[in-house]
Amino acid sequence: MSSFKIPVSALIVIHTPDLQVLLMERADKVGYWQSVTGSVERLPDGTLEAPFDAAIREVAEETGLDARQYAFSDWQASNVYEIYPHWRYRYAPGVTQNTEHVFGLELPAPLPVQLAPDEHVRYAWVDWREAAKQVFSWTNVEALRMLGARHGEIL
């Protein structure tokens, strides 16, 4: 079975009702802040995990939170982006694009999270507008704009 990552992923914007957003700094790229993200995985029966299920799994793995205990939603949006060259080795030869599905997770207030130390070194809760200035990927910026728009706010 291949150990290459599947070029389909989930991005989960974790936020509070007043639009404080959880950001995490990557362990492998200092200064790269992001929302929870992760690729779908191949299941034991050979099929692919659904992006919805991958999102729930990634939230648990990266924050220790159970997304099913809060307001978790599929925003019915996705982006196709070019995989950064320094991360392409994780994918099968010739794979250069990823399709990322966007989800939201509303918590009642900023909660402490338990980071996966091999993935992230620190986290912060910041206003959604500030978050859009800090994240490194354009798809994360777009997801944060969607969050604002869903709450009648414009970036």
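In which helix does Ala60 lie? Ala60 lies in helix α1, where helices (H or I, at least four residues) and strands (E, at least two) are DSSP runs numbered from the N terminus.

## Basis of the model

This is a predicted model, in which local features need pLDDT of at least 70 and side-chain atom pairs count only at pLDDT 80 or more, while totals for chains, interfaces and linings use all residues. Residues are numbered from 1 along each chain as its sequence is written, and side-chain values use heavy atoms, with hydrogens and water left out.

## Overall architecture

The protein chain contains 3 helices and 7 strands, arranged along the sequence as β-β-β-β-α-β-β-β-α-α. Its radius of gyration is 15 Å, close to the 15 Å that the globule rule gives for 155 residues, so the chain is as compact as a globular protein of that length. The radius is taken over C-alpha atoms, and the rule is 2.2 Å times the number of residues to the power 0.38. Along the principal axes, the C-alpha atoms fill a box of roughly 45 × 30 × 30 Å.

Of the 155 residues, 43% are buried, meaning under 20% relative accessible area, with exposed over 50% and partly exposed in between (1.4 Å probe, protein chains only). Among contacts (heavy atoms within 4.5 Å) with a separation of 6 or more, 69% join residues 24 or more positions apart.

## Helix α1

Helix α1 covers residues 51-63, and its 13 residues should span 18 Å at 1.5 Å a residue; the end C-alpha atoms are 18 Å apart, which agrees. The expected span is 1.5 Å times one less than the number of residues. After α1 comes Gly64, whose phi is positive, near 80 degrees.

The buried residues of α1 are Ala54, Ala55, Ile56, Arg57, Glu58, Val59, Glu62 and Thr63. Their cover includes strands β1 (8-15), β2 (20-26), β4 (36-39), β5 (71-82), β6 (97-106) and β7 (120-127). Ala60, by contrast, counts as partly exposed because its relative accessibility is 39%. The C-alpha atoms of Ala60 and Val113 are separated by 9.7 Å, although the two residues are 53 residues apart along the chain.

## Asn79 in strand β5

Strand β5 contains Asn79, which counts as buried because its relative accessibility is 16%. Leaving aside residues up to four places away in sequence, Asn79 touches Asn98, Thr99, Glu100, Val102, Trp138 and Thr139.
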